[in-house]
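Hello,

Here is the structure I promised to pass on. Please open it and follow along with the notes below.

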Amino acid sequence: QGYEGLVEGGDNIKQANWLSVSNIIQLGGTVIGSARCKAFTTRAGRLRAARNLVEHGITNLCVIGGDGSLTGADIFRSEWGGLLEELVRDGQISEELARENCRLNIVGLVGSIDNDFCGTDMTIGTDSALHRIMEVIDAITTTAQSHQRTFVLEVMGRHCGYLALVSGLASGADWLFIPESPPEDGWEDLMCERLGE
């Protein structure tokens, strides 16, 4: 369950084996759980996460996510030594355990359907989202043509119009709104004229 699993510990932290990962490749990465974690944004939450990792002997993390996940990973990395010191001081872990787990190695992978991260051609999740959008557009298009109707489709992407732009190009959309290029005054008349054609 992402950072929530680190903070809560217990059954959320377990070793993956052949049986636990069989037949999940077609389900996408979120099959392991994904959620925002308010507790991890606090030092107390990160302290609990550190204790859970140390108790399991985990010193390597692979964090897949967007801005929040990767920012959290960077903060966790920078605090790691201090968190271990606090755990020792409070008697939650031994000094020996702290020494054995003194380094935390983190690999960050950008997982965001927005595809808005500099330095990568396509972020994890973008291609899957685009394929799903195109499946929906293909299904809607035949209905729209049959009933001679206009359909409005809203896609994900928050502040980034990549998915809207690429799916609009791929499907031959007649009108497109993206956050990077807000419509100019009078767009309603232009859109109606275009759709009327």
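**Aromatic rings and a charged patch**

Phe76 is buried, because its relative accessible area is 1% and buried means under 20%. Keep in mind that this is a predicted model.

Now look at Trp80. Trp80 has a relative accessible area of 2%, so Trp80 is buried too. Both Phe76 and Trp80 sit in helix α4, which covers residues 67-89. They are four residues apart, about one turn of the helix.

How many aromatic pairs does the structure hold? There are four. In one of them, Tyr3 stacks with Phe40. Their centres are 3.9 Å apart, with 5° between the planes. This pair links distant parts of the chain. Tyr3 belongs to helix α1 (residues 2-8). Phe40 is in the loop between α2 (18-21) and α3 (43-56). The two are 37 residues apart. Tyr3 and Phe40 are both buried.

Phe76 and Trp80 also pair up. Their ring centres are 5.5 Å apart and their planes meet at 85°, so this pair is edge-to-face. Tyr3, Phe40, Phe76 and Trp80 together form one aromatic cluster.

Which residues form a negative surface patch? They are Glu184, Asp185, Glu188, Asp189 and Glu193. Find Asp185 in the loop between α7 (162-171) and α8 (187-196). Is Asp185 buried or exposed? Asp185 counts as exposed, because its relative accessibility is 81% and exposed means over 50%.

Best wishes

Conventions: Residues are numbered from 1 along each chain as its sequence is written. This is a predicted model: local features need pLDDT of at least 70, side-chain atom pairs count only at pLDDT 80 or more; totals for chains, interfaces and linings use all residues. Side-chain values use heavy atoms; hydrogens and water are left out. Patches are made of residues with over 30% relative accessible area and no salt bridge: like charges are joined within 9 Å, nonpolar side chains (Val, Leu, Ile, Met, Phe, Trp, Tyr) within 5 Å. Accessible areas come from the Shrake-Rupley method with a 1.4 Å probe; for residues, only the protein chains shown count as cover. A salt bridge is a side-chain nitrogen of Lys or Arg within 4 Å of a carboxyl oxygen of Asp or Glu. Lys and Arg count as positive and Asp and Glu as negative; His and the chain ends are not counted. The place of a charge is taken as NZ of Lys, CZ of Arg, CG of Asp or CD of Glu. Buried means under 20% relative accessible area, exposed over 50%, partly exposed in between (1.4 Å probe, protein chains only). Rings of Phe, Tyr and Trp (its six-membered ring) pair if their centres lie within 6.5 Å; planes under 30 degrees apart count as stacked, over 60 as edge-to-face and the rest as tilted.
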